[in-house]
Amino acid sequence: MHDPSDDLMWMRRALSLAEGVLYTTTPNPRVGCVIVQGGRLIGEGATQPVGGPHAEVMALRDAQARGESVAGATVYVTLEPCSHYGRTPPCVDALVAAAPARVVIAMGDPNPQVNGQGLARLRAAGIAVTAGVLLDDALALNIGFIARMHRGTPWMWLKMASSLDGRSALPNGVSQWITGPDARADGHHWRARSCAVLTGIGTVLADDPQMNVRAVSTPRQPRKILLDSRFEVPLDARLLDGAPTWIFTAREDAAKAAVLADRGIVVTCLPDAAGKVDLTAMMQWLGRHEINEVHAEAGEKLNGSLLRTGCVDELLLYLAPMLLGEGAAMAKLPVLTQLDQAQRYRYTDVRQLGDDLRVRAQVEARWQSLRKAVEVAA
């Protein structure tokens, strides 16, 4: 018999390893792996940057370096081992060759090239499999990867900072700084874990932001995405410097696009019927281009458009302990006449950061859909 408390303890360690590579594995998932023999840790590892070994291989190598045999051991891994050749060979082959007695996973992998095949291969080799240990924690670490694999689009959170009465700026446009340094640093953590940071041309023209990660240490800057329907971006905008940038527009300008292409900036024209960027098509495009998580940080107009078109899966709100009265709203939304027309969310976390509050809220149905996609039958 296996002690469930031991499974929880070792899976928590594996999840901690996965969290340690939160900023670096994209477009691959963040995965941790721990190998235990007779109650002793004999190997552990986490997924390396793209093209490098996955967590299971790193843990097996660690066990070998320690002079330990994995035969008869228990392997804890936060995601179903891959069973296909991608940038690296299948992890399930390495596990089968190592001959552990048991593999414990947190969640399945809905990637069509995996999707239960990894677990089937383990069982066919006589290795016992336990699934679903700390599933919700594992899903939270890889919500974007699972979203892309299951529905073809990334997971988007919308970051907004406001006063208690929901104002993101004064009537004259002044907004720096409504929230304090702790909240701003936390916002940079969310930028760092994303595959891409998205903003709109209104923000660029008003503030000329860099839209990069500065307040936390990261070896990888996320890609930048600019929504610019009329293709107005100044060629000297600070957003165009640094990390690779994608611009989505609704207006063709071959000469300007060529100038930007010489700087490595990709311009894609995706107009909708109203002459704006087709946001739904953009999300599908991002999914096809291996974007897992999008951190959106814009003004009230674009925020409202992203919300209205259903692009936003999660709200990341920073609330300062002040009242501003008149000013810019967090998002420009249509006027409702009945409460049942409201967009509704589920609070998932509320915590104090310095003087401010951070509130996270998700679209419940989106989370549950992805949760169902990673559940594995016993």
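**First stop: a salt bridge**

Select Asp136 and Arg371: their side chains meet in a salt bridge at 2.8 Å, N to O (a salt bridge is a side-chain nitrogen of Lys or Arg within 4 Å of a carboxyl oxygen of Asp or Glu). This pair links distant parts of the chain, 235 residues apart, with Asp136 in helix H5 (residues 135-141) and Arg371 in helix H12 (residues 364-374). Helices (H or I, at least four residues) and strands (E, at least two) are DSSP runs, numbered from the N terminus. Asp136 is partly exposed at 31% relative accessibility, and Arg371 is partly exposed too, at 21%. Here, buried means under 20% relative accessible area, exposed means over 50%, and partly exposed is in between (1.4 Å probe, protein chains only).

Before you click on, know that this is a predicted model, where local features need pLDDT of at least 70, side-chain atom pairs count only at pLDDT 80 or more, and totals for chains, interfaces and linings use all residues. Residues are numbered from 1 along each chain as its sequence is written, and side-chain values use heavy atoms, with hydrogens and water left out.

How many salt bridges does the structure hold? There are 22.

Now pick Arg30 and Glu293, whose side chains meet in a salt bridge at 2.9 Å, N to O. Arg30 sits in the loop between helix H1 (4-19) and strand E1 (32-37), while Glu293 is in strand E12 (residues 293-296), 263 residues apart from its partner. Are these two buried or exposed? Arg30 counts as buried at 6% relative accessibility, and Glu293 counts as buried at 1%.

Arg263 lies in the loop between helix H9 (254-261) and strand E11 (266-269), and Asp241 in the loop between strand E9 (223-227) and strand E10 (245-249), so the pair ties together parts that are 22 residues apart in sequence. Arg263 is partly exposed at 38%, and Asp241 is partly exposed at 44%. Then select Asp186, Asp349, Arg351 and Arg358 together: salt bridges that share partners join them into one network.

**Out on the surface**

Select Lys276, Lys301, Arg308 and Lys332 to see a patch of positive charge on the surface. Patches are made of residues with over 30% relative accessible area and no salt bridge, with like charges joined within 9 Å and nonpolar side chains (Val, Leu, Ile, Met, Phe, Trp, Tyr) within 5 Å. Lys and Arg count as positive and Asp and Glu as negative, with His and the chain ends not counted. The place of a charge is taken as NZ of Lys, CZ of Arg, CG of Asp or CD of Glu. Lys332 is in the loop between strand E14 (328-329) and strand E15 (346-353).

For a nonpolar patch, switch to Tyr347, Val350 and Leu357, which make one of about 320 Å². Accessible areas come from the Shrake-Rupley method with a 1.4 Å probe, and for residues, only the protein chains shown count as cover. Tyr347 is found in strand E15 and is exposed at 65%.

**Last stop: an annotated site**

The UniProt annotation "binding site" (unreviewed entry) covers Ser175, Arg191, Thr203, Arg214 and Glu297. UniProt positions are given in the numbering used here, feature names are shortened, and annotations may be inferred rather than shown by experiment. Finish on Ser175, in the loop between strand E7 (167-169) and helix H7 (181-193), where Ser175 counts as partly exposed at 26%.
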